[in-house]
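Work through the exercises below with the sequence and the 3D structure open beside you. Try each task yourself before you read its solution.

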Amino acid sequence: MQDLSALPHELTGNTVPMISFKSVRKAYGDLVVINDLDLDIQVGETVSIIGPSGSGKTTVLRMLMTLEDVNGGVIYVDGKPLTHMVKNGKLVPANERHLRKQRVNIGMCFQHFNLFPHMTAIENCMEGPVQVLGLSKSEARERSEELLELVGMIDKKDQHPARLSGGQQQRVAIARALAMRPKVMLFDEVTSALDPEVIGEVTNVIRNLVAEHNLTMLLVTHQMGFARDISDRVCFFFGGKIEEQGSPDQLFGNPQRERTRQFLSAVREAI
Amino acid sequence: MLDFLVLYWPRLLSGTGITIAQFLAAAVLGVAISLVFGLAKLSSTLIVRGIATTYIEVFRGTSLVVQLYWIFFVLPLFGLTIDNFTAGYIAVGMNIGAYGAELVRGGILSVPKGQWEAAVAVNMSGFQRMRRIILPQALVNMLPPWGNLMIELLKGTALVSLISVGDLMFQARQINASTFLSAQVFGAALIIYYILARFMLTPCMRWLERVMARKLGRA
């Protein structure tokens with residue numbers, strides 16, 4: 001096993017980042033998908049990850065949601081280790097109990113929405129607050145109605161997902177994630193499975209969240225214009241590493257690396 | 001035929017009642033066993049998985065009649081005596097449970113991976129994920145094959161007549177032994193089993209499927 005003794009048990013200081021990857025590595029057998037990644041995201045920051053497929057960008061989000069374990073390094077959320085816990089003065093891989101304690105900080109939306117098909121829109125939103133946070137049904141309903149209102153889905157609250165369009169389902173999925181009141185929201189290619197004409201209804205919801213809430217957000221997206229508009233910072237991934245990062249104007253307007261330029265011109269040609 | 005029915009309908013009716021009772025008891029036991037061993041088969045613990053696999057192999061791989069005789073005739077030799085009615089539905093239920101466990105396993109595996117991930121993303125415990133998210137969807141997926149299994153179960157209960165449980169088949173054999181009206185008595189039994197399966201069991205399963213489909217918003 002890899003030596004983690006150089007890594008801190010907790011991040012301290014004046015500005016503890018909301019998310020911190022320290023020397024994180026992920027491999028499937030011989031295939032290295034994330035290679036020694038260091039990445040800090042500050043409280044309230046909105047960061048977009050772009051890059052070619054297979055560059056490891058979705059894996060970054062999946063490791064944060066604890067859907068994938070890490071093979072090396074440590075991820076910290078809100079200063080505390082997420083993927084590991086301290087035991088006998090050492091960092092060891094987290095057990096399920098530790099993961100459940102840390103996961104409350106994180107919410108995620110998926111490419112294919114993954115709404116629970118046997119529940120209506122509002123039941124989808126209420127499920128976590130009632131079952132996991134222990135809210136009463138009326139509290140959870142009130143919270144869910146507010147959020148469905150926010151995403152413009154209140155008039156469809158009693159519909160099952162099968163009766164909703166992709167854009168509508170994704171908006172309900174955003175409300176479901178927000179109902180847990182996470183500090184961090186992860187958006188994994190949330191518009192990739194949508195018809196072009198409904199992409200706007202989902203991106204507008206996210207734009208409003210960025211403008212009006214102090215969430216820390218991490219997005220993987222192929223919508224370059226959207227990423228440029230909403231992000232504080234854009235990371236270009238290549239081969240499991242951050243090839244280049246910077247403000248949207250820097251990265252899109254004046255990319256420094258050859259691979260970034262190639263990728264951006266290939267994306268522009270595709271439109 | 002009519003004279004025959006007029007004469008023997010009380011015995012056929014009481015036999016049918018016992019058959020239905022055997023069916024219901026075996027069904028409850030079988031569903032419970034299916035759930036336990038279907039989940040055990042998916043366990044990450046090798047021992048739990050091994051126990052489930054052994055159970056399924058033994059009860060699927062050997063004859064129901066032999067299992068029935070074991071429970072009724074052999075277990076008393078080890079000091080465990082069970083009355084014939086109980087031995088009957090236990091044998092049939094345990095047998096059908098082995099098949100059902102495979103249905104439960106398949107049903108759970110048929111739920112898309114994204115559902116597990118979404119349940120993790122709202123921070124559910126493993127137990128909550130299974131009970132609230134995965135099992136309800138798995139249940140819908142496995143209802144049609146369960147309909148088949150329930151018909152198999154009903155017909156399987158005819159074997160309990162071999163340990164003198166007074167079910168429909170037992171009554172039919174008794175009547176046949178005293179009257180030699182084989183065509184009439186086994187004809188009547190045939191029709192009664194068919195009616196139970198076709199006009200009682202199948203509509204029940206269809207109704208269940210419709211209710212579950214509505215719960216998923218599919219209908």
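**Exercise 1. Compare the radius of gyration of chain A with the rule for a compact globule.**

Solution. The rule, with the radius taken over C-alpha atoms, is 2.2 Å times the number of residues to the power 0.38. With 271 residues, a compact globule would have a radius of gyration near 18 Å, and because chain A has 19 Å, its value agrees with the rule. Along the principal axes, the C-alpha atoms of chain A fill a box of roughly 55 × 50 × 40 Å.

Before going on, note that this is a predicted model, in which local features need pLDDT of at least 70 and side-chain atom pairs count only at pLDDT 80 or more, while totals for chains, interfaces and linings use all residues. Residues are numbered from 1 along each chain as its sequence is written, and chains are lettered from A and ligands numbered from 1 in the order in which they are written.

**Exercise 2. Find the strand order of the four-stranded sheet of chain A, and say which strands stand at its edges.**

Solution. Begin with the elements: chain A has nine helices and 12 strands, where helices (H or I, at least four residues) and strands (E, at least two) are DSSP runs numbered from the N terminus. Two strands pair if DSSP finds at least two bridges between them. The four strands form an open, antiparallel sheet in the order β2-β1-β4-β5 of chain A. The edges are β2 (31-41) and β5 (80-81) of chain A, each of which has a single partner strand, so one side of each is left without a neighbour in the sheet.

Next, look inside the sheet, where β1 (residues 19-28) and β4 (residues 72-77) of chain A run antiparallel and are joined by five bridges. One example is Phe21(A), whose bridge partner in β4(A) is Ile75(A). Helix α1 (residues 57-64) of chain A packs on this sheet and touches β1, β2 and β4 of chain A, and its direction makes about 115° with that of β1(A). Such axes are lines fitted to C-alpha atoms, for helices over the stretch in contact, and the angles run from 0 to 180 degrees between N-to-C directions.

**Exercise 3. Is Asp36(A) buried, partly exposed or exposed?**

Solution. First locate the residue, which lies in strand β2 of chain A. Then apply the cut-offs: a residue is buried if 20 or more other C-beta atoms lie within 10 Å of its own, exposed if 12 or fewer, and partly exposed in between, with C-beta atoms placed from the backbone. Asp36(A) has 14 other C-beta atoms within 10 Å, and therefore counts as partly exposed. Its phi is near 55°, a positive value in a residue other than glycine.

For practice, turn to Asn123(B), found in the loop between α5 (113-121) and α6 (126-156) of chain B. Because 24 other C-beta atoms lie within 10 Å, Asn123(B) is buried. Asn123(B) also has a positive phi, of about 65°, although it is not a glycine.

**Exercise 4. Trace the six-stranded sheet of chain A and follow the partners of β3.**

Solution. The strand order in this open sheet is β8-β9-β10-β3-β11-β12 of chain A, and the pairing is mixed. At the edges stand β8 and β12 (241-246) of chain A, each with a single partner strand, so one side of each is left without a neighbour in the sheet.

On one side, β3 (residues 46-50) pairs with β10 (residues 216-220) of chain A in the parallel sense over four bridges, and Thr46(A) stands opposite Met217(A) in β10(A). The pairing of β3(A) with β11 (residues 233-238) of chain A is likewise parallel, over four bridges, and here the bridge partner of Val47(A) is Arg233(A).

Finally, β11(A) and β12(A) run antiparallel and are joined by five bridges, with Phe238(A) opposite Lys241(A). These two strands form a hairpin with two residues between them, and Gly239(A) in the turn has a positive phi of about 60°.

Notes: Contact = placed C-beta atoms within 7 Å.
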